[in-house]
Structures are given as C-alpha cells and as structure tokens.
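Hi,

Here is the structure I promised to send over.

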2 protein chains.
Amino acid sequence: VTPRSPRIRLGDGVEFERISRALDAGIADAAATVPGLRVGPGDDAAVLADGTVLSQDMAVEGVHFRLDWISPAEAGGRAVACALSDLAAMAAEPVATLLAVAWPGGRGEAGLQELLAGAGRVAAAYGAPIIGGDLVAAAGAAVIDVTVVGRADPPVLRAGARPGDALWVTGRLGAAAAAVAAWSCGADPEPAARRAYATPVPRLAEARWLARHVRPSALIDLSDGLAGDVRHIAAASGVRATLDTERIPLHPAAGSDGLDLALSGGDDYELLFAAATTDVEPWLDAFADRFGAALTRVGSVDTGAGVARRDRGGTRPLERTGFRHFEGEAT
Amino acid sequence: VTPRSPRIRLGDGVEFERISRALDAGIADAAATVPGLRVGPGDDAAVLADGTVLSQDMAVEGVHFRLDWISPAEAGGRAVACALSDLAAMAAEPVATLLAVAWPGGRGEAGLQELLAGAGRVAAAYGAPIIGGDLVAAAGAAVIDVTVVGRADPPVLRAGARPGDALWVTGRLGAAAAAVAAWSCGADPEPAARRAYATPVPRLAEARWLARHVRPSALIDLSDGLAGDVRHIAAASGVRATLDTERIPLHPAAGSDGLDLALSGGDDYELLFAAATTDVEPWLDAFADRFGAALTRVGSVDTGAGVARRDRGGTRPLERTGFRHFEGEAT
C-alpha cells in the first residue's frame, strides 16, 4: 500500500490540478455573468457584490484524512478549520458554516456523532456556527464537505503583490506535514506534530488584524506548502517571488526534513502575505504580543515571473515538489 | 445486491434521520448565536439577516445516484438542480453555486469533465453560475456536493400554514420514482420517467411567481415524497394536514404504482404549498399559461397535528412510508 498524503489533489490517472485549472477558466466565464461578483474562481474564496465571501472544501477519508490517524471529532474539527482558513486567506470575518457529511452506515453512529460534535465545536469557536448542511449515507469512505460564509470589505486577494514588497509568514511551518510523514512510514508522530495536523488553527483574527494594520498587498493561506502557495501569489500578482529558504521559520517538531516539509508538505494553515518591510516592522511586536506567534520575512517580490529559492549557495528555481517521500502519485 | 433508492437517507445500522434531527436541534442552539439569522436548521435552507439564502446538498454515487442509470453529465446537472430546488422551496432568487466533486482517479477524466460540464450548464441555466468549489480524488464512490446561494426577501417557510388553507402542488408526481423503481428491478424506465429522474426541473421561477401573486402561507419542495414533505409542513406549522389522495396529479409515466410513488417515492422536485383556495383560484389559468404546468389542490389544513389521507373510503392516518419495493433498509 502506497500511503497517500492527505493534501495531494492528484489521483491515479486523472490530473485533478489541470482539470481544476480548466474548470476555473471555464466557470470564470460563467461567473462573469453574476452581477457584481468581485472575486471568482482562482482565489481562496469567491466574493459576491455585497462582500459575502464563500468557500467550499471537501475532505475524503483515505485521501485527505485517515481515521486511524485522527479521531472522528478531530476529522470534523479539522475539516471546518481548513475551510475557515480560506476565509482567513481573504481577511474575511467568519459568519456561518454549512456541513455535509457522508458516513458509512455500517460503521455505527458513535463516530458520526463525534465527528459532528467536533465540527460544531470548531465552527462555533471561530464565530461561524453551523446553520445547515446535509447528512447522508456513504458508499465506502466518509466524506466531509464544508462551506464557509464570511464578510470582507474589502477582501485581500492573492493578486496585488508589488515589486519591492517582502514576503512574510505567520507562525512556524512543517509540523503537520511531519506528522503525515511519520504516519506514512508507520511511525507515531511527535505530539506537537500530531496536534498541528489534527487541530489546525485558522488564522482568522490574525488576518483581519493584518488587513487593518499592515494592509498586505497580497494574502493566501498555506494549505499546499509554501512552494506551491507562493507560486499562486506570484502568478496572480504578475510578479517574481524569491524565498529565502534559510529564513523560513521551521516548527521544532518538523524534524530534519523540516525545510522540505515546509516547502511542499502543506497543511500548515499559516498565512503568507506580501507587504513592504517598512509597513510590517512597526507591527512585529504588537502581532507577537497579541497572537503569540511571530511574523517572519521569508522572501522578496520583484518584477518578472515565476518563483525562486535563495540561500548562501545562491539563487535557483524553486522546484514544484521538493518533498516526495509520501506523495504517492503526485506529479 | 439490494438496490437502494437514490433518495433514502437511512443506511445500515445508522439512523441518519434521527441523528439529523438531533443535529438540527443541537446546531439550532449554536445558530442562535449568529446575529440576525432568520432561518436556521430545519427548513429547506438557512437565511441570513441580509436575506442571503444558503443550502448544501450532497449526492453519493451508489446511494443517491448510479452511473449505470444516468450519465455523468446528468448526475452533475441533477445534483445542481436538486440543490437549486431548495432555493425554490424558500421562494428565493438564485445567485450562485459552489460545486465540490470527489472523483475516483482510476476512472479517467472524461466522465469527470462531463459531470462538471453538466453541472455548469444547469447552474448557468437557472441563473446561479458556479463561482467556486473543490475538486478532489475520491476513495471509491464519486461524491457531488452542491452549495447554492440565493436571495429572498422575505423567504417563504415551511411554517405558516393556517387552518382553512388548502394544500396545492405544481405539476405531476411519481415519474422520477417510477424510473428508480424500474432500474431497481433491472428494467429500463419509460423515457419520460427516466427524464423526470435524470433532469429534474427546479421550480425556481414558479416559486417566486407564487410568492408574488398567491402568497402561500407555507412552501416546500417535494424531494422525499409527498407523504414525508406534507408532514414537514404540518409539523413546522403546528397544524393537521389531510391529503385527498384521489386528487393527487400523477404523471402518466408513474405507472400503476403511481400513487404510492407520489406519496413516498420522492425526487419529484415539484412544489407543495398551503394557501386559501380563494387566493389561488384567480391565478390557476395564469400559472398554467406561464409555466405549462397545473396547480392542483391536493388536501386541506386543519387545527390539530399529524397527517392523514382521505378518499372515498374515508379518512385514515397517512403512513410514513407507503411504498417499500426498493427501499432497502428504510425504517
């Protein structure tokens, strides 16, 4: 059995990412007919004319999570937290959550009840109570699909990074991916790594605080790994991004593969944003005091296109997937 | 292999309906903390303070649809149409759709592309273009989860039916369930029955027209069968509902089991509403002319509780599930 990363969106025989891009392009045409739609496919969430922000995030058992890794309550809470992170990525205020769950009937109802309770607790804790959804019988694997609703006025987008900006991240990276790597090798992860994976913290208040004080020019949440997500900002903003890999703040539980895990492991749900250093530096202490996490400068934005990595050895292209120990079929 | 109805929400060993009710009750408490939430769990959709209407509807291959019954394009379109029908049930105007699909990678991408295209066509046709969503690898069965966004000012709810009102339905019932019944017996359905199942028509314009002209006191869409859905109106409105079963308009393709299929077969996606006969009669011809479908009086609303069926043989309790040929594990 080839273990699968819970974050990969690429499966045997189907290039989901390519189709997803084609879908984005196709539905962008359709979305253009929505009166006043501010942001359509291609950002972390859609934004309607009145500032309503919407995002939907589906997690499939055996692909995105495993119930021999985390409890049903953690799986439910995690699915909601990951969806809420898309609101953070727009600097949106959470309003409400809809939850759809497909659960294999033969597995009994205790796990389902725990999953629902875990999802409800996380949703309520972040100010987005569950107001509706669906509950159906699954044909095999459990599926958790979460729709989150927020308000942003205005949203902070992936597009907007300007040459001369620096790139910043919140918190420390790599711990959640280290847990997945451990499980995938049949080992038990460190408790802190397990916690980072099982109970991710969407940076909702942090994002709104940053939008108010620092006014980032571009913002995204780190769901696919820093290498992939910085690429999204560079592409959407029409700029070149360079990561100073020696500056990337690694979580102590990320282990010896920490840098690769931070770049390509995903599941950190920290924020990545672009802002001029002079706009960020006055707020570094206030952010750390308020949120108990650091803002760290991890790179720069220049004219051009594409993404690069820079360290004392020089500057070179940033590979798309730097870490493949447990990637299965990823291309 | 016991064939399963695509509409049942009850699986082996788990009483999804009971858990769903408990969930509704539990999250109603949480939802009460959403500022200005107008309608929470328990109606066809949630309504935020500003009139934004939200509903999420999950369809699982092998449980709610089968790809040896309908094409991927039909499955995608049908999932969107069923979700949009929840907006019709609130007399809401469609605004946008989010679509999440889990697709088994090993099955190749042609079917996925067709599914996405079918979903996109139906969403655009009803004025709710797809503006976002998710696309992930499935672990087995395909899953289609649709979130629809609309506006209603005001929404028409399940609660509100008054003693003295009559009960009305749009269109003709039983054809979609006849198709499922045929497939479940290994037979090919009649073309009209197949069409009713594969390409349901959400009564969006009809619902808004009715809200403007007839002003129904209560409204719901027929997804679970007339017997179940009239029970929802009776319970939410605190009234007794009696169906005149001989008046129920059966689709010609519903066959000899038509009445049972209409009562318990589901998947009709017609509207059921309560309104005084004097408020409806002036509009009967205009509705038929405009929408090519009839409004039919099918029962009455009285003081009391519960639901009954009435015919020339008398009045008796309306059983919860009148038709069980293909219900599998339904209770």
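Predicted model: local features only at pLDDT ≥ 70, side-chain atom pairs only at ≥ 80, totals over all residues.

Five strands of chain A make an open sheet, ordered E1-E2-E5-E3-E4, with mixed pairing. E1 and strand E4 (130-137) are at the edges with a single partner strand each, so each has one side without a neighbour in the sheet. Helix H2 (residues 72-88) of chain A packs on this sheet and touches E2, E3 and strand E5 (143-151). The direction of H2 makes about 35° with that of E5(A).

Now the pairings, one by one. E1(A) and E2(A) run antiparallel and are joined by two bridges, with Val47(A) opposite Val53(A) in E2(A). These two strands form a hairpin with four residues between them, and Gly51(A) in that hairpin has a positive phi near 90°. E2(A) also runs antiparallel to E5(A), this time with nine bridges; Val60(A) sits opposite Val143(A) in E5(A). The pairing of strand E3 (residues 93-103) of chain A with E4(A) is parallel, over seven bridges. Here Val101(A) has Leu135(A) in E4(A) as its bridge partner.

How many residues of E2(A) are buried? Nine of the nine, so the strand is largely enclosed by the rest of the structure. Thr52(A), Leu54(A), Gln56(A), Met58(A) and Val60(A) point one way from the strand, while Val53(A), Ser55(A), Asp57(A) and Ala59(A) point the other way. Both sets are buried, with Gln56(A) and Asp57(A) included.

**Another hairpin in chain A**

Further along, E11(A) and E12(A) form a hairpin with two residues between them. E11(A) runs antiparallel to strand E12 (residues 314-317), and four bridges join them. Arg309(A) stands opposite Arg316(A) in E12(A).

**Helices**

In chain A, helix H6 (residues 204-213) packs against helix H10 (residues 284-291) at an angle of about 155°, and their axes are 11 Å apart. That makes the two helices roughly antiparallel, and their crossing is right-handed. From H6(A), the contact uses Ala205(A), Glu206(A), Trp209(A) and Leu210(A). From H10(A), the contact residues are Ala286(A), Phe287(A), Arg290(A) and Phe291(A).

In chain B, helix H6 (residues 204-213) has Leu204(B), Glu206(B), Ala207(B), Trp209(B) and Leu210(B) buried. An α-helix has 3.6 residues a turn, so residues three or four places apart point the same way. Just after H6(B), Arg215(B) takes a positive phi of about 50°.

**Salt bridges**

Over all chains there are 24 salt bridges. Here are some that you can look up in the viewer.

- Arg151(B) and Asp50(A) meet in a salt bridge, with N to O at 2.9 Å. This pair crosses between chains: Arg151(B) is in strand E5 (residues 143-151) of chain B, and Asp50(A) is in the loop between strand E1 (46-47) and strand E2 (52-60) of chain A. Arg151(B) is partly exposed at 25% relative accessible area, and Asp50(A) is partly exposed at 37%.
- Arg310(A) forms a salt bridge with Asp244(A), and their closest N and O atoms are 2.6 Å apart. Arg310(A) lies in strand E11 (residues 306-311) and Asp244(A) in strand E8 (residues 240-244), so the pair ties together parts that are 66 residues apart in sequence.
- Asp68(B) is exposed at 55% relative accessibility, whereas Arg66(B) is partly exposed at 26%.
- Arg203(A), Glu206(A) and Glu270(A) are joined into one network by salt bridges that share partners. Glu206(A) is also one of the residues in the contact between H6(A) and H10(A).

Cheers

Definitions and conventions:
Residues numbered from 1 in each chain as written. Chains lettered and ligands numbered in written order. Heavy atoms only, no water. Salt bridge = Lys/Arg side-chain N within 4 Å of Asp/Glu carboxyl O. Buried < 20%, exposed > 50% of the residue type's maximum accessible area, 1.4 Å probe, protein only. Pairing = 2+ DSSP bridges. Contact = heavy atoms within 4.5 Å. Axes fitted to C-alpha atoms, helices over the stretch in contact; angles between N-to-C directions. Parallel < 35°, antiparallel > 145°, perpendicular 65-115°, else oblique. Left-handed = near helix turned anticlockwise from the far one by under 90°.
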